[in-house]
Structures are given as structure tokens and as C-alpha cells.
Amino acid sequence: MFFLSLSMLIGGSLQSCEEVIDIDLNDADPKLSIDGQITLNETATVQLSYTTSYFSEEEPQYEESATVSISDSEGNSETLIHKGKGLYEGSLMRGQVGMEYELSVTVEEKTYKGSSQILTPTEILSLGYEKFDGFGGSGDEEEYNLIITLKNNPNEENYFLIKYYLNDEEKEDTYSVWSHEYFANEETIEFTPLRFSFTKEDVVTLVAYSIDEGTYDYYSQLEEIIDQEGGGSSTPFNPESNMGENILGYFRAWSFDKQTVQIEEE
Amino acid sequence: MDFKRQIWAVLALFFLITLTAIAQEKYTISGEVIDAETGEALIGVTIYTADKTVGTMTNTYGFYSLTIPKGQQTIFYSFVGYKTQQRQINLTANQSIKIQLQTNQTALNEVVVSAEKKDKNIAATQMTGEKLDMKTIDKLPVLFGERDVLKTIQLLPGISTVSEGGNGFSVRGGSIDQNLILLDEAPVYSASHLMGFFSVFNADAIKGMTVYKSGIPANYGGRAASVLDITMRDGNMKKFQGAGGIGLLASRLTLEGPIIQDKMSFIVSGRRSYADLMAKGANQIDGDTQMYFYDLNAKLNWKINDNNRLFLSGYFGKDDFGFDDLGMDWGNTTATLRWNHLFSSQLFSNTTALYSEYDYGFNFGDNGSMSSGIKDISLKQDFSWYASPKNTLKFGLNATYHTFYPGEFLFEDNSISDIKVAEKQALESSIYISNEQKLGTQLTLDYGLRASMFNQFGAGNNTSYDNDNNIVEKEYFEKGEVMQSYYGFEPRIGLNYRMNSKSSLKASYNRMVQYLHLMSNSTSGQPTDTWMPSTFNIEPTTVNQYSVGFFRNFMDNTFEFSAETYYKTMNNISDYKDGTQVMLNEDIESYVLQGEGRSYGMELYLKKKYGAFTGWISYTLSNTDNKIEGINNGDWYDSSYDKTHDVSIVTSYQFTDRVSVSANWIFYTGNAVTFPSGKYEFDGNQVPYYTERNGYRMPDYHRLDLNVHLEGKNKGRFRSSWDFSLYNLYNQMNAYTINFRENENNPNVTEAVKLSLFGIVPSVTWNFKF
């Protein structure tokens, strides 16, 4: 990413130009996408929908007659109920630490299965910030970076997904993933994500997820194809699902911690 | 067994040749041809007898050897841009003749002024070894005020630009890592500065270059698609002189001269860009930002005596980018030591020791640093044996020890474990022999054989992987133990049939084996790409190419025309599994998919070489596709290097002695790319859905550039000139990338965004010479 922003900078200083264009794309046959999750102490939710044409602004077609169930490594299981528009929800089983979950989705006699584990939850120990001089500084306004301190479990192959929200917006501004490999043997870990910066007026909310290796891989791949800024030369692809071959989406089991910060006047 | 048999068959052929050359009493004339003014050795000077039945050319070191019947002989020495010289000799013994050629501009009343041998392209055996001298390059429009040899060759048929501003180029459907780029025989692993906007070759220090895209001679090897052989200038043997230029983005200075008159000379050429200073001035970037490159070429040239000559040359270049304590740099270092020795007037020897290194590094300030690179140490011995007027043999051997540093990430914080991808070592060795044989007056054959061997050495692991990139087994090898070996048998054949004085037919076949692979996530090439050896998991790439061409000159050789077709099959070309992370990936080998490729095409080329109006039109029609298990269901798909149409029109008009205007227009079909054919929602994101690789096309690319060259008035020995250029004159917003993303204000709306790098870019350069 660092490299890409550099090439953009050079492009930028030589009057590069970005514009939204019309382009003809093929419409692929609709394909099922599974967006499933179970969170610590919460019940499972699964969203089933089909792909639409790329520029479509309409709601996708939803899968409303699937059989969706979740089971854990202790042999408990539950069938999720369809609540409308392809959203299936559980009501009994809640996410527990250390438990591995398997999601099963059956559509037209075809069954897709995938599993994920809730690892030791992380905690945001502190959330600070520092002034950021910028990659060349785009404007007059001062920018800031976060300094994040998380609790780590050095005995576990754990991973983190951090979502950054600006000013109570519903969707995160961006996210980043971190691997335990960078922080071996440490009880607490500290890092400063360079990809996310904010200004004085912003209220920043951080959600730190504790995730397993599969989820880390999936979000790493997802990040590459939804954030193509400046790159674009590497070959795009569909992130690899844990629900089987020839299917889109992912099922993850996770926990999270959340904290908010704002710049204090000096 | 089959391999051995083939070798013996070829050797037997060579014996036959040498036996046929006896009979008449003959003597050899030999020596060097140099520029009368500078003492610089001239490459590719044609030397022939009055009846034009016997001829030769000077080699890379300006040396020639010609064996002809005894008695009265008239010998002609001719070279583009120089006056042809004629020597009358009475040949009674072997004779050494040193020739000094005068350039056309400085008319002196010497020997003879006759027309040069303009039909060289018809007579030369070389299928497609296109020679470009700096005079041609000087006349072309410049990009950002810098002449650029790599940009120039991309205007030739069969050689195409991969991406705007990039220096990576593709030759006849080959990938960018399949081009062997040599600077004074040292391989240059990354030929670009400033994200590819400049090449590393400083035009002031370059004598000339030759590009081979087919019929590649047996003395070259190691890359599958092409050879770009660039020669640095030797330095003026007669007098001290300097040249330079001051441009908007970069400035340069070259100094050269004799250390011992006519015996020893030097040349030093430096260049530095100041894009960062300019951008700071325009408030485009922050005060702490660095963004520059520099390079230095240096060469020492010592004629010890008529039979011995030493050259020491080097290149050092670096790009540096930084913001505060974050930074990135990359660069090449090459060094070449050569010894030319004449064993006899017919046996020329060149011994080379060379060193080449490429590395890049990131600096993450307090966090740590990262680096990666490749290092070569190489020994080479080449012989040219001018056996008889009809046979010129070349043979030699070469051994290169490669060390690969795929990458390491060192953290400042000692509690964090460093990431190190294991270093790899390999020895690449080869022997070759070739013969240029004249059969009668019309037919010339150039055939040869190169046998190559590649050994990867320990310490290291041969790792087996399953389909999900998990390690199945690791076999450890001690330091120095052979981990993997590969062999290559590379026949090369070229044929030139001279139909008459105006036309010739050329045909060639070559097989090339490539043992090195560039791991890259992009098609255009980036400084962060990493070189890898062939290993237990990655096999060498082999290419077979067949090529046929027709060459014809019109209107007293004023126009040259050629039409060539080629067909190429490629084995073990590489692509990656979906979503492969190339950088710092210890298991990168498991993500490489290998398969086959094919490319075929037709190239048309019309060139006007003489007169006030000069230039060329080049057109290439081609198709390149790949078939790799694991991609697009194992079906054939368009290669990223597939360009259906590729057109270059290059023109230059000399209005007066002091004013010339040049323009070029470029058009090519957009690259094959992967675009989405749908989308879906995941965790609040609109995710593009892809159905096939390279199923779409970028928009076609076209551009017009203009350059006005003004020569200043001569004041004594000081000369100056101005170049005013406009890049992309009609401000065509060509697509550099097309990205698919959510609309910033409304995440439910998805859009395609085109990024263009350059609109119209003006530049001014002031050049001087003294």
C-alpha cells in the first residue's frame, strides 16, 4: 500500500486525473453469496443473496427458502429462522470463547458448510493519537493517526481485524488486519495504522475484532479487491470462501471490543 | 542420450565447414576501426572488397578480421554517418590495418568520399538484430526532457509498451522479465527510475545498442524473449570534452578525455533528477519529502598495445523516496572488467568478469526496515575466430553465480520477530558455439548451439506443497549441496538469402531457456518485484520461435521495408493463483502456476533513412495467449501481453541546419484485464464479482508527441542546443488503471473510475557540449 501511494503521489505531482467512466460489463449468472457470523455472547445471523450486475442500484435477489443451521464443537445445533430478505437468525446458541462453529446452508439440495472459531477476545487497552505529517500533505488541515494498544494472547495464533468508523457513520471508513506473527510473545501490542487518518473535528470509533486465521485470510483478500486505489495492475479475484468451492462470501466466528476517541483541544 | 547425439551432430557439422575452407593462397587483414575525432571504437562498420564478394563487420570492440586472396586489393570501410574510406593494398602477408573514419559533418580532403553501403540491412545475416545509434535516438521526441533508449526501442515493430510511463516492455508476447538487458555485458535487473518514467540508461554515456527479438545469436542466453545489448562509450582518446543538459526534471553532465593520448581514456557521466524540488516549489508536496534519482556511469579504457586492451566500466544508480522517516530506495550496481586479446589476426578473445546487483529497501522509521535483491558474479570467455572468408566462428563459456535475497523485514522492536525469506543460490553456466557461413554469394547461414545448465545450491529446503499451499514435506540441503538441476539445449539457426541487391529473405529458429523468474503482482513491473531462481517447484521457461522475414530497399536505398512473421511456443510460463501475496512470501513457490503460451504475429516496417525528412512507420498485428491449469478452467485465455494492434509513426524533419522538428504518434490495443461481471454485498461492502481472468480490455491507447530542436550558434568549441517538447500534444486522457469501487457518498452505488497519468506535458531542456 505504501508503495502504491507513492506512485500515486508522483502521478499526482504530474497532473494525473481521475474520472468516473461508463463501461460495458457482462452480466454473469446470479451466484449465491453467504454472509454469516456468530459473535461472542450473541446469536448467529446469516444473509443469503445473489450477485447482481455490477452497476445495478437495485436490491439484489435474496435466497429465502434455504435451510440454514449452526452447530458447535460440543454437538449443540440450531436451525436459523428466515426473517425476510434473505436474513436468517438464530435465537438459542450464543457465541462462546474457544468454541468452533460450523455453519450449514442448503439451497436447492446443495449444501455448503464452513467453520470458524472464537479465539480469546482482545481488549482495547488504550486509544491515543499523534499528529501525522502526511504522505506529502494534501491540505492545510492537520491530520492525526491513531495509536492503538491491544491485549494480545501470546500463546494463541490469533489475528485482529480493526474497523475504523468516522462520526457515527454506519459503515466503517476503512479496516485493516493484523497477524500475531508480527507480535510474537507480547502481552500487549501497539501499532499505528497509516492507512487511516482523521482531523480535529472527527469522532473516531474503533472496533477491534479477535479473529481466526481463516477470517484473517479472507479479509486480507477482500481488502485487496475492494480497495484497489492506485493499484489495479494486479489481477483481481474472488476472495476464497470457507463455505466450499464455487460460492461467494464467508462465515466467521469472532468477538470484539469497541472504543471512541476525539482530539482534545491543547 | 538424445541430447548428446544432437551435440555430436552439430560438432560434426562444424568440422565439415572448417575443412572446406582451403585452396587459394590467402592472407588476413585485421585491426580496429575508430572515430577519427574521438578515438572511440566503432561497432558494426562494414568492411568489404571492391567486388563485394567478401565482407565483414567490426565487432562490439571495433575489431575486424578479413581473410582475402593475396595480391592487389581495394578495401572499403563504411559506416552510417561517416565517410566511406577506401584502402589500396598489396597483400603479401597478414597485415594489421587501423582505420580512422571521419564523420560526415566535418569534411576533410581525405582519401575517398563515396556512398556508404546503404543496403546493409539486406546484406546482414542478422534476422532482426536492429542496431540503433544515438544519432537516431537524438532526433526523437523526448519525454520530460530526457532522451531514452528504452522508450525508443518501444517504437519498433514487435516491441510494445506495457504501461504508460513504464519501462517494462514486451517483445513478441513475452513478459517483461524475458528481456535480457545488458549494459557493457552486465545484466541490468531493473531498468527504470522514478516508477518507470525514466530508464536507467543515461543517453550521454551510451554508444549504441542492438535489439534481438528472433534469431538470437548463441552467445546470448538466459532470457526467453529478447536481448537488448547496450554499449557504453569508451571516452575520447584524443581530447578532453564535456557535455550536459539542464532540464525541468533532471540535469546531467558528462566528462571524458584521454589519460594517455591515444592509449587510455575515461568517461564519467552523472545525472540527477529534482522532481521533488519542482513539486515542492509548486506546493504539491510537503517540505520533508524526498523524491529523486541519480546515476553515474564511469568507464576506463586502456589500449595496452595492438593485441591487448582493457576496459573497466561501472554503473551506479539509486532512486530515493521518503517522507519524514519513512522511505524507500532501489537501484542497480554493475561493474565489468574486460580484456580483449588478439591471439592472432584471426582469433579474437574477450575475457569478462562482471558483477551486477539490484536491491530495494523500505524504511519504516521506528518500526523497522525491509529489503530484497539479487546479486550476480560472473565470468565469461568469448572467442571470435575468423576462420576463413566464408566462416566466422564464435564460441565461449560463461558461469554466473546468482544470490537471491527474496526479502526480509527487520523490526526495530526486538520483541517482534523478524521475517526472513531464505536466501537462495544458484550457478548458471553455459557453453556455446556458432558459425556464420557464407554459401555462395547469396546465401548466408548463421547457426549455433548453446548448452546451458542451472544448479540451485543449498543451504535450503526443497518444499513440497499440497493444492492449498500447505507444506507437505521439506527436504533440507547443506550449504553447497545441489538442490535442483536443470539443463537446456538451445539451437539457434538464421538464414539470409539475398535475392538481389534490393531484396532479401531471412528465416530463423531459436530456442531460449530462462532460469530466472520475476515474481510480480503487476504486468508492467515495479521496483518491488523479486527475482527467483528455477527451483524444485518452479521450472525454467523455454521458448521456441520460428520467424520469416522479407526485406526490400526502394529508391536507391532511401526507403527500407520489411515484413516479418513469427510463431512462438512458450513452456512453463508463470502466473499466480488468485490473491497471491508476492512480497515476503516464504511459500511463494506454491502460488506459482505454470503452463504454456503461444504468440504469433506479423510486423511491418517502413523506414526512410536519408534526406531532410526521416522516420518510420511500424505496425504489428499479433496474438498472445496462455493456457495454465488453475486459471480460467485451464482454457486458453488472452495474455496480459496480448496487443492486437500496435502502431508507431516516427517522423523528423530538418528545416535548416539549426532547426529540426520531430513528432511521433503511438496507438495500441488496450491490455487484456480482469473486470467484474457482477457484485455482491459482504459485511457492508459492495464486492466485485469476477468470472474470468483477462476477459476484458482496457481502452485503446494513443498519443502524439512533438519536439522542436534548436541548435545554438557555435562559439569556438562550445555548442549548445534547446529541446522543446510536448508529450501527449492533444491531451488524450489515456487510462492507466480502471478501478471498481463504491461511490464515496453513497456506498450502495458502485462505479468504474479511470485514472490517467499524463495529460499534455511540456518540457524544456538546454544541452551543451564543449
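Leaving aside neighbours within four places in sequence, which residues is B:Ile206 in contact with?

1. They are B:Met134, B:Val149, B:Phe201, B:Ile230, B:Met232 and B:Arg233; contact here puts the C-beta atoms, placed from the backbone, within 7 Å. This is a predicted model, in which local features need pLDDT of at least 70 and side-chain atom pairs count only at pLDDT 80 or more, while totals for chains, interfaces and linings use all residues. Residues are numbered from 1 along each chain as its sequence is written, and chains are lettered from A and ligands numbered from 1 in the order in which they are written.

2. B:Ile206 belongs to the largest nonpolar core, which has 65 residues; B:Ile206, B:Val149, B:Leu228 and B:Ile230 touch the most other members. A nonpolar core is a set of buried Ala, Val, Leu, Ile, Met, Phe, Trp, Tyr and Cys residues joined through C-beta atoms within 7 Å. Buried stands for 20 or more other C-beta atoms within 10 Å of a residue's own, exposed for 12 or fewer, and partly exposed for values in between, with C-beta atoms placed from the backbone.

3. The domain assignment of chain B gives domain 1 (2-117), domain 2 (130-229) and domain 3 (230-769), with bounds from an automatic or database domain assignment. The contact takes 5 residues from domain 1 of chain B and 5 residues from domain 2 of chain B.

4. A second, separate core has 56 residues, including A:Leu32, A:Phe160, A:Leu222 and A:Phe251.

5. In chain A, strand β2 (residues 32-39) has 7 of its 8 residues buried, so the strand is largely enclosed by the rest of the structure. Strands (E, at least two residues) and helices (H or I, at least four) are DSSP runs, numbered from the N terminus.

6. β2(A) pairs with strand β3 (residues 45-50) of chain A in the antiparallel sense over 6 bridges; strands pair if DSSP finds at least two bridges between them. A:Ser33 is opposite A:Ser49 of β3(A). Their hairpin has 5 residues between the strands, and A:Asn41 there takes a positive phi near 65°. With strand β17 (residues 248-262) of chain A, β2(A) pairs in the parallel sense over 7 bridges, and A:Ile34 has A:Gly249 as its bridge partner in β17(A).

7. These strands sit in an open sheet of 8 strands with mixed pairing, in the order β6-β7-β3-β2-β17-β16-β12-β13 (chain A). Its edge strands, β6 (81-82) and β13 (174-179) of chain A, each pair on one side only.

Conventions
Two residues are in contact if their C-beta atoms, placed from the backbone, lie within 7 Å.
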